[in-house]
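Here's a quick briefing to read with the model open beside you. Have a look at the fold, then work through the topics below.

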Amino acid sequence: MGIVAATRAVGAAPAPAEPAAVVTVPGMAPVIDPRNLYSETGASHLSPSVRDHLERIYVPNLRSNDVYVIDPGSMKVVDKFKVGISPQHVVPSWDLRTLWVANNAERRAVGSLTPIDPRSGKPGKAVPVDDPYNMYFTPDGKSAIVVAEAMHRLDFRDPQTMVLQYSVDTPQCGGINHADFSIDGRYALFTCEFDGSVAKIDLANRKVAGYLKLKMPATRFKDAPDSNSPGASEICTSTKGMPQDIRISPDGKHFYIADMSADGVHIVDGDALKEIGFIATGLGAHGLYPSRDGKRLYVANRGTHKIHGRRHGQGSVTVIDFASEKVVAQWPIPGGGSPDMGNVSVDGKALWLSGRFDDVVYRINTLTGAVAQIKVGQEPHGLTVWPQPGRYSLGHTGNLR
């Protein structure tokens with residue numbers, strides 16, 4: 001028996017080495033699983049902070065200057081209220097206690113943040129701030145980062161009062177808008193929509209650490225009514241991309257960047273600030289959302305290369321397997337549509353996305369791709385699904401960890 005046991009031991013494959021623990025910035029919560037930084041956003045990981053929050057979908061409507069509130073159980077709009085001018089995103093706070101509506105007023109000097117109490121679903125008094133196109137939070141929770149897009153600037157503010165702490169200028173990042181953070185919290189990558197690039201922000205030293213121009217693919221999808229299949233492409237005539245949402249890989253090694261002009265997702269090594277790959281997805285790749293188990297990435301393809309698209313476009317959702325970086329599913333919106341921004345339900349069974357040019361919200365079954373729609377206000381944008389599992393929020397429409 002002893003000889004047999006020894007023989008089996010010699011012939012057995014070695015166990016995979018455990019990844020080294022991640023050394024995070026002071027004040028940041030530890031990374032529980034270095035192989036999956038989304039491990040704490042599983043369906044069973046609801047924080048005690050959100051247990052008395054209403055289960056709702058909050059939809060900011062850019063042109064009607066209001067927020068629609070959807071009960072996902074009944075699939076009906078149960079409330080709506082006016083907010084500031086041009087609400088872009090509904091952003092969960094770092095401590096998960098407040099939802100902030102970012103009203104950037106589109107180049108007018110009347111930008112504001114409207115707080116929503118997720119226990120009642122009701123708005124509070126708006127706080128005036130400069131040009132809040134989007135908002136994030138430093139991983140240690142000490143600052144809110146208001147993305148002042150038109151001003152090429154990041155304003156770091158007190159996360160409770162929104163009093164200005166300091167600013168970081170990003171002069172070479174036209175259209176600065178979306179971000180994600182390194183696994184250790186030391187830097188963030190922000191996309192530059194109008195420069196076709198990304199900016200790396202050194203959070204400790206409060207400065208731009210560098211810029212990276214993204215590569216355009218040789219072909220892209222046709223912006224035409226009769227071509228919504230993955231095989232329909234044309235020679236790319238754009239000289240630069242239009243990067244949108246960005247998400248980090250579960251192991252923290254790569255960033256995935258949706259590009260509305262390139263019709264796919266760039267893969268970037270954030271530490272080296274170098275592009276290492278590209279995955280074609282669909283026309284107008286825009287929003288990125290990891291699955292609840294951290295194994296897949298949902299890509300919302302808005303269905304056009306244009307900033308202001310038409311109704312019933314060639315919208316779709318692409319599903320990427322994180323491990324292989326391959327496309328494993330392609331779900332067109334029946335009858336056409338314009339999926340934009342949103343998030344995944346707590347149980348992971350539904351992907352909720354705004355239909356930007358169709359004035360609807362989509363609920364997409366993450367097993368089959370089946371789509372249901374709900375009519376909302378004019379030009380819905382960065383909706384949030386609430387509550388969300390996780391310990392803290394890094395911002396946007398619910399980037400939790």
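In the hairpin of β15 and β16, which residue takes a positive phi? That's Arg206, with a phi near 55 degrees, in a hairpin that has four residues between the strands. Keep in mind that this is a predicted model, where local features need pLDDT of at least 70, side-chain atom pairs count only at pLDDT 80 or more, and totals for chains, interfaces and linings use all residues. Residues are numbered from 1 along each chain as its sequence is written, and side-chain values use heavy atoms, with hydrogens and water left out.

**The four-stranded sheet**

- β13, β14, β15 and β16 make an open sheet of four strands, in that order and with antiparallel pairing. Strands here are DSSP runs of E, at least two residues long, numbered from the N terminus, and two of them pair if DSSP finds at least two bridges between them.
- β13 and β16 (207-213) sit at the edges with a single partner strand each, so one side of each has no neighbour in the sheet.
- From one strand to the next, the twist averages 25 degrees; the axes behind such angles are lines fitted to C-alpha atoms, and angles run from 0 to 180 degrees between N-to-C directions.

**A closer look at β15**

- β15 is joined to β14 by six bridges, and six bridges also join β15 to β16.
- Lys200 is the bridge partner of Leu189, and Lys200 also stands opposite Gly210 in β16. Ala199 faces Tyr211 in β16.
- The hairpin of β14 and β15 has four residues between the strands, and Gly196 in the turn has a positive phi of about 65 degrees.
- Six of the six residues of β15 are buried, so the strand is largely enclosed by the rest of the structure. Buried means under 20% relative accessible area, exposed means over 50%, and partly exposed is in between (1.4 Å probe, protein chains only).
- Both faces are covered: Ser197, Ala199 and Ile201 are buried on one side, and Val198, Lys200 and Asp202 on the other.

**The disulfide**

- A search of the whole structure turns up one disulfide, counted as a pair of cysteine sulfur atoms within 2.5 Å.
- Cys173 and Cys192 are the partners, with an S to S distance of 2.0 Å. The torsion about their S-S bond is about -105 degrees, so the disulfide is left-handed.
- The pair links distant parts of the chain, 19 residues apart: Cys173 is in the loop between β12 (164-169) and β13, while Cys192 is in strand β14 (residues 187-192).
- Both Cys173 and Cys192 are buried.

**The nonpolar cores**

- The largest nonpolar core holds 36 residues, and Tyr136, Ile145, Leu154, Phe156, Phe181, Leu189 and Phe190 touch the most other members. A nonpolar core is a set of buried Ala, Val, Leu, Ile, Met, Phe, Trp, Tyr and Cys residues joined through side-chain atoms within 4.5 Å.
- Elements giving two or more residues to this core include β10 (144-148), β11 (153-157), β19 (243-248) and β20 (255-259). β14 gives the most, with five residues.
- Apart from this core lies another one of 15 residues, among them Tyr289, Ala329, Trp331 and Ile364.
- Contact means heavy atoms within 4.5 Å. Not counting residues up to four places away in sequence, Ile145 touches residues including Tyr136, Thr138, Leu154, Phe156, Phe181 and Phe190.

- Asp180 lies in strand β13 (residues 176-181) and is buried, with a relative accessible area of 0%.
- A polar atom of the Asp180 side chain lies 2.9 Å from the backbone nitrogen of Ile248. Beyond four places away in sequence, residues touching Asp180 include Tyr38, Leu189, Phe255, Asn399 and Arg401.
- Thr138, in the loop between β9 (132-137) and β10, counts as buried at 7% relative accessibility.
- The side chains of Thr138 and Asp140 are joined by a polar contact of 2.7 Å. Such a contact is a pair of N or O atoms within 3.5 Å; within protein, one must be able to donate a hydrogen and the other to accept it, and residues adjacent in sequence count only if both atoms are side-chain atoms.
- Thr138 and Met28 are 110 residues apart in sequence and 8.8 Å apart in space, C-alpha to C-alpha.
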